[in-house]
Amino acid sequence: MVRVRLAGALITAVALVVLGLVLAAPASSAQLTEVTGFGTNPTNLRMHLYVPDGVGARPPVVVAVHYCTGSGPAFYSGTEFASLADRYKFIVIYPSATRSGSCYDVSSPQALRRDGGSDPVGIMSMVRYVQQRHGGDPDRTYVTGASSGGMMTNVLLGDYPDVFKAGAAFMGVPFACFATTDGSSWNSACANGQISRTPQQWGDLVRAAYPGYSGTRPRMQIWHGTEDATLRYPNFQEQIKQWTNVHGLSQTPSLTDQPQAGYTRTRYGATGGMAPVEAISLQGVGHDLPRGGMAAEVIRFFGLNQGPTVSPTVTPTVTPTVTPTVTPTASGPCRVTYTMNTWNTGFTSAVTISNTGSTSIASWALGFALPSGQTITSAWNATVSPGSGQVTARNVAYNATIAPGASVSFGFQATHTGNTAKPAAFSLNGTACSAG
């Protein structure tokens with residue numbers, strides 16, 4: 001059984017066209033490599049590095065920061081940044097948190113000031129290592145992350161505005177929103193979207209991280225789903241307030257559009273693709289970003305999609321697939337949407353339970369049979385046991401209730417031995433659900 005308090009259903013690598021961009025399949029002999037002894041590292045972070053074949057003399061550098069319970073190698077395997085690095089020739093740093101729960105420190109006073117200590121200092125050592133050993137371009141250094149990594153993205157842009165030229169935060173919270181002084185790494189008020197400040201107050205928190213800094217501030221791209229039950233949606237607007245203030249911009253967007261169904265994109269300070277602040281709201285989406293194609297939008301926002309490209313080569317490399325939607329097997333007061341993103345020996349599943357009945361569900365247990373050869377290794381927003389065969393996913397404390405017409409989401413990562421089929425049926429508290 002795996003119980004997770006803060007994590008993101010994030011390990012997605014799907015072959016989709018999103019926002020008009022198509023990803024090329026990886027075609028590189030380069031491998032992820034662990035680096036030790038990279039410099040000052042007060043919290044014993046681990047560092048993995050991906051250097052594509054054929055990078056130039058001064059390659060761009062992207063730091064890709066994982067979610068709670070994750071790791072650098074998991075973020076490497078489950079996102080598209082490495083394949084994009086192969087195509088556009090930039091280096092990717094994948095840090096790994098090593099404390100219990102594998103979350104990053106985005107709350108301590110040390111983490112929230114420049115060179116104050118804790119995880120940001122270790123990540124900065126990784127950046128400097130790549131700049132010194134691999135000629136990484138100091139003028140093209142960027143950071144992105146999801147969930148805890150999205151929060152760290154906000155922190156690094158605040159602590160080191162002279163280092164990072166832009167950042168992209170998936171499912172994050174504003175800089176210093178998670179701040180605590182009691183040694184705790186969890187801030188329930190922030191996670192639940194209950195902290196609201198003025199743009200000036202949010203901006204002052206960023207400016208206080210590096211007093212006296214008057215240089216250019218990093219551009220910021222913000223992603224959030226409206227149904228995020230882990231780091232709730234109000235944090236999306238609070239981040240917009242913070243980073244528009246940091247850039248001295250109005251809260252009124254310069255452009256608002258819908259690049260695809262369910263996406264609302266706003267740009268502040270400019271209308272082009274590299275505006276100072278860009279924000280993408282995803283209607284009906286929970287805590288499971290980035291999804292397919294979003295990594296390409298990050299690289300586009302960073303301006304790295306104009307670099308040297310490599311034509312896709314057909315090789316035996318595994319191409320991620322999206323398994324078709326389960327055919328409805330029964331009707332009832334619930335509906336289950338089950339989406340799989342698979343790779344060579346593993347997959348992630350994002351599961352949404354919708355209450356289609358007329359009465360509230362006070363607590364829930366979703367039963368289903370995993371196909372042969374599939375074994376769950378980690379889960380988020382639910383407790384799931386056993387790891388294989390007939391399994392049951394049960395609510396955690398913060399998502400126990402499903403009101404009529406509402407839904408909750410959870411997810412898990414699993415391995416497989418070749419069988420990537422979906423469960424044939426689902427039952428909620430013993431009652432059959434439709435699937436769709």
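Two strands pair if DSSP finds at least two bridges between them. With that in hand, welcome to a set of close-up views of this predicted model.

**View 1. Ten strands form an open sheet**. Follow the strands in the order β1-β2-β4-β3-β5-β6-β7-β10-β9-β8, and you will find that the pairing is mixed. Strands β1 (32-35) and β8 (255-257) stand at the edges with a single partner strand each, so one side of each has no neighbour in the sheet. On average, and ignoring direction, neighbouring strands of this sheet are turned by 15° against each other. Take a look at β2 and β4: they pair in the antiparallel sense over five bridges. Here R46 stands opposite S96 in β4.

**View 2. Helices α3 and α4 lie across strands of the model**. Helix α3 (residues 118-133) lies across β1, β2, β3, β4 and β5, and runs at about 150° to β4. Helix α4 (residues 148-159) lies across β3, β5, β6 (166-170) and β7 (219-225), and runs at about 150° to β5.

**View 3. Helix α2 is largely enclosed by the rest of the structure**. How many of the eight residues of helix α2 (residues 81-88) are buried? Seven are, so the helix is largely enclosed. The buried residues are F81, A82, S83, L84, A85, D86 and Y88. They pack against β2 (46-50), β3 (61-65), α1 (72-78), β4 (91-96), β5 (141-146) and α8 (294-302). After α2 comes K89, which has a positive phi, near 65°.

**View 4. The rings of Y233 and F236 are stacked**. This is an aromatic pair, and the count for the model comes to 16 aromatic pairs. The ring centres of Y233 and F236 are 5.4 Å apart and their planes meet at 20°, so the pair counts as stacked. Y233 is partly exposed, with a relative accessible area of 27%, whereas F236 is buried at 5%.

**View 5. F368 and F426 form a tilted pair**. Their ring centres lie 5.7 Å apart with the planes at 55°, so this pair is tilted. The pair links distant parts of the chain, 58 residues apart: F368 is in strand β14 (residues 365-369) and F426 in strand β19 (residues 426-428). F368 is buried, with a relative accessible area of 2%, and F426 is buried too, at 3%. Together with Y338 and F412, these residues form one aromatic cluster.

**View 6. Arginines sit over aromatic rings**. R197 lies over the face of W202, at 4.8 Å from the ring centre. The charged end of R219 sits over the ring of F301, 4.4 Å from its centre.

Notes
Residues numbered from 1 in each chain as written. Predicted model: local features only at pLDDT ≥ 70, side-chain atom pairs only at ≥ 80, totals over all residues. Heavy atoms only, no water. Phe/Tyr/Trp six-rings, centres within 6.5 Å; stacked < 30°, edge-to-face > 60°. Buried < 20%, exposed > 50% of the residue type's maximum accessible area, 1.4 Å probe, protein only. Helix = DSSP H or I, 4+ residues; strand = E, 2+ residues; numbered from the N terminus. Lys NZ or Arg CZ within 6 Å of the ring centre and 35° of its normal. Contact = heavy atoms within 4.5 Å. Axes fitted to C-alpha atoms, helices over the stretch in contact; angles between N-to-C directions.
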